[in-house]
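I opened my notebook to look up a few things in this structure. Here is what I wanted to see before I began.

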Amino acid sequence: MNSLFNHALKQSQSLKKELDSFSASPSTASLALQGQISATLATLQRTIDEYDAMARRELVPAKQDKAFARIRNFRTEAAEARTQFDKLKKEREESQNNLNRAELLGRRPHHSATPDNPYASGLTRNGSIGGRSEISESIPVAAIPREFITRTGDQLDEFIERGRAVLGDLVEQRNVLKSTQRKLYSAANTLGISNDTIKYIERRARQDKAVFWAGLVICVLSFYFILRWLR
């Protein structure tokens with residue numbers, strides 16, 4: 001149970017550091033950081049639930065009360081962290097919306113009196129010259145909003161961080177399953193020894209019963225012959 005407490009304590013401290021990094025600059029915080037905070041919150045909640053389940057099986061009242069007090073503190077910290085996280089995400093979203101709105105309002109159509117391509121006037125809207133079909137007009141790379149590129153990179157970082165968090169959870173679950181498997185093997189071995197011991201006791205009981213009845217018969221016959229001889 002102490003190992004779960006230490007594990008939850010480390011996760012809580014890590015969550016506070018991540019929230020501090022997020023709150024330092026919500027508008028520029030990456031989506032990868034948000035994904036990491038979400039994963040830490042989920043892992044912390046799962047650890048608290050496991051700690052609570054183990055505390056309910058504690059037989060010593062003093063230790064159980066202490067564990068329940070720690071669990072209440074952890075749940076309060078987790079709830080406050082989630083509220084702070086939601087508030088920071090909302091601030092970041094509002095900041096990004098304001099930035100996008102400013103970018104859109106700041107753009108102005110630009111037309112040059114003399115086209116860069118002297119043959120541009122010969123191009124039709126579908127990109128044909130003299131009836132021959134050419135490559136259609138494409139959107140220039142410079143017209144792609146910088147925010148879109150940044151947002152795409154942030155989303156990729158978020159997916160990578162979520163994948164890492166899922167991998168970490170799978171490794172942790174694998175270790176738990178291995179520990180459970182070892183306990184089951186140990187219980188099976190103990191059960192096998194117990195069965196052998198029970199069979200041995202039953203066999204000795206049958207032997208003792210046979211010896212008892214044989215001794216009883218011999219004793220009765222001896223008394224019978226002694227009495228007959230005395231008569």
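Before I compare directions, I note that an angle over 145 degrees counts as roughly antiparallel, while one under 35 degrees counts as roughly parallel. I also keep in mind that this is a predicted model.

**Entry 1: a pair of helices.** Two packed helices are described by the angle between their axes and the distance between the axes. I looked up helix 1 (residues 2–24) and helix 2 (residues 31–56): their axes come within 9 Å and cross at roughly 155 degrees. Helix 1 and helix 2 are therefore roughly antiparallel to each other. I then checked the handedness, and the crossing of helix 1 past helix 2 is left-handed. Next I looked up who touches whom: helix 1 brings residues including L4, F5, A8, L15 and F22 to the contact, and helix 2 brings residues including L33, I37, L41, L44 and Y51.

**Entry 2: salt bridges.** How many salt bridges does a search of the whole structure find? I got four. I looked at one formed by R56 and D52, where the closest N and O atoms are 3.1 Å apart. Both residues sit in helix 2, and R56 and D52 are four residues apart, about one turn of the helix.

**Entry 3: a surface patch.** Which residues make the nonpolar surface patch? I found F223, I226, L227, W229 and L230, and the patch covers about 640 Å². I placed F223 in helix 4 (residues 146–230).

Notes:
Residues are numbered from 1 along each chain as its sequence is written. This is a predicted model: local features need pLDDT of at least 70, side-chain atom pairs count only at pLDDT 80 or more; totals for chains, interfaces and linings use all residues. Side-chain values use heavy atoms; hydrogens and water are left out. Patches are made of residues with over 30% relative accessible area and no salt bridge: like charges are joined within 9 Å, nonpolar side chains (Val, Leu, Ile, Met, Phe, Trp, Tyr) within 5 Å. Accessible areas come from the Shrake-Rupley method with a 1.4 Å probe; for residues, only the protein chains shown count as cover. A salt bridge is a side-chain nitrogen of Lys or Arg within 4 Å of a carboxyl oxygen of Asp or Glu. Helices (H or I, at least four residues) and strands (E, at least two) are DSSP runs, numbered from the N terminus. Axes are lines fitted to C-alpha atoms, for helices over the stretch in contact, and angles run from 0 to 180 degrees between N-to-C directions. Angles under 35 degrees count as roughly parallel, over 145 as roughly antiparallel, 65 to 115 as roughly perpendicular and the rest as oblique. A crossing is left-handed if the near helix is turned anticlockwise from the far one by less than a right angle, and right-handed if clockwise. Contact means heavy atoms within 4.5 Å.
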